[in-house]
Amino acid sequence: MDGRMTTTPPRVLTIAGSDSGGGAGIQADLKTMLALGVHGMSVIAAVTAQNSLGVQGYWELPPEAVRAQLDSVLGDIGAQAIKTGMLASPVLVETVAEVLAGVSAPVVVDPVGVSKHGDSLLEPAAVTTVKSLLLPTATVVTPNLWEVEQLTGVKVEDEDDLPRAAEAVLALGPRWALIKGGHLPGEPVDLLTDGTSEHRFRAERHDNRHTHGTGCTLASAIASCLALGEDVPEAVLRAKEYVTGAIERGFPLGSGIGPVDHAW
Ligand code: PLP
């Protein structure tokens with residue numbers, strides 16, 4: 001034996017946008033998957049020109065190109081879990097949702113709307129498609145407070161509003177909703193519920209400003225843990241621990257906001 005791995009690790013697919021700066025999107029997803037011991041695969045929906053200062057532009061791929069990537073990966077390799085991120089346009093959301101409706105693997109949907117810099121990563125017209133077609137395919141959906149408002153109209157001002165927000169998100173069809181309350185005043189708290197059980201995840205606030213890629217990393221970590229056989233509450237707990245470590249070690253890059261770190 002030469003010590004190399006000869007068994008196939010669990011496979012996880014990300015369907016998302018590329019971040020040329022390497023901090024978020026597909027690049028963060030694949031780093032997270034490597035760190036958590038699964039085989040990462042990528043279907044690229046859009047390419048962003050991006051750095052630490054923001055998103056300078058983006059170009060979505062033709063739906064045939066996205067469909068062909070999905071067919072290639074799922075038709076041969078298969079996936080034990082799938083994560084979706086930036087899907088950019090109504091037609092791409094529709095293309096991806098159609099394929100996901102036919103797969104049995106758990107799906108983690110990060111309903112990416114805008115970046116931390118305020119750059120839009122989803123056409124406004126696609127919000128309806130996300131609600132009607134994509135969310136019903138989700139095992140877990142991971143909106144932040146801004147995305148909750150965009151999807152449901154519910155405005156969360158403090159922790160007491162989280163259950164109402166989660167209920168409104170669950171009404172759109174995902175099995176579980178993880179509402180990310182990281183921007184609430186006080187200690188950050190996330191609420192996970194499937195409508196019957198409720199879990200709250202608290203963390204200390206870190207004053208590190210280098211947090212680019214946090215949302216992508218969390219959703220990919222949840223997908224990776226699901227592929228490793230954990231149930232949803234266990235997967236979210238371990239994914240939160242992973243992201244907390246990655247944020248603690250986030251580092252300066254360029255002249256703006258640096259990325260979370262995966263090399264630990
Ligand atoms: N770029 C891409 C391709 C993304 O998918 C995302 C978020 O999902 C971002 C940028 C935004 O990352 P952040 O808000 O962490 O800066």
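Here is a walk through the structure shown above, from its overall build to its strands and helices.

This is a predicted model, in which local features need pLDDT of at least 70 and side-chain atom pairs count only at pLDDT 80 or more, while totals for chains, interfaces and linings use all residues. Residues are numbered from 1 along each chain as its sequence is written.

Let us begin with the whole chain. The protein chain has eight helices and nine strands; both are DSSP runs numbered from the N terminus, with helices being H or I of at least four residues and strands E of at least two. A compact globule of 264 residues would have a radius of gyration near 18 Å, and the protein chain agrees with its 17 Å. That radius is taken over C-alpha atoms, and the globule rule is 2.2 Å times the number of residues to the power 0.38. Along the principal axes, the C-alpha atoms fill a box of roughly 55 × 40 × 40 Å.

Of the 264 residues, 48% are buried. Here, buried means that 20 or more other C-beta atoms lie within 10 Å of the residue's own, exposed means 12 or fewer, and partly exposed is in between, with C-beta atoms placed from the backbone. If you take the contacts between residues at least 6 apart in sequence, 68% join residues at least 24 apart; a contact is a pair of residues whose C-beta atoms, placed from the backbone, lie within 7 Å.

UniProt, in an unreviewed entry, places the feature "domain: Pyridoxamine kinase/Phosphomethylpyrimidine kinase" at residues 19-261. UniProt positions follow the numbering used here, feature names are shortened, and annotations may be inferred rather than shown by experiment. The span 19-261 is 39% helix and 19% strand, and its end C-alpha atoms lie 15 Å apart.

Now for the sheet. Nine strands make up an open sheet with mixed pairing, in the order β3-β2-β1-β4-β5-β6-β7-β8-β9. Its edge strands, each pairing on one side only, are β3 and β9 (198-202). Two strands count as paired if DSSP finds at least two bridges between them.

Start at β1 (residues 11-19), which pairs with β2 (residues 39-51) in the parallel sense over nine bridges. Thr14 stands opposite Ser42 in β2. A hairpin through two residues then leads from β2 to β3, and six bridges join β2 to the antiparallel β3 (residues 54-60).

On the β4 side, β1 pairs in the parallel sense with β4 (residues 81-84) over four bridges. Val12 has Ala81 in β4 as its bridge partner. Helix α3 (residues 90-100) lies across β1, β2, β3, β4 and β5 (107-109), at about 165 degrees to β4. Such angles run from 0 to 180 degrees between N-to-C directions, with axes fitted to C-alpha atoms, for helices over the stretch in contact.

Helix α6 (residues 162-170) also packs on the sheet, touching β6 (140-141), β7 (176-181) and β8 (189-193). Five bridges pair β7 with β8 in the antiparallel sense, and four of the five residues of β8 are buried. β8 also runs antiparallel to β9, again over five bridges, with Asp190 opposite Phe201 in β9. In the hairpin of β8 and β9, four residues lie between the strands, and Gly195 takes a positive phi near 95 degrees.

Technical notes: Contact = placed C-beta atoms within 7 Å.
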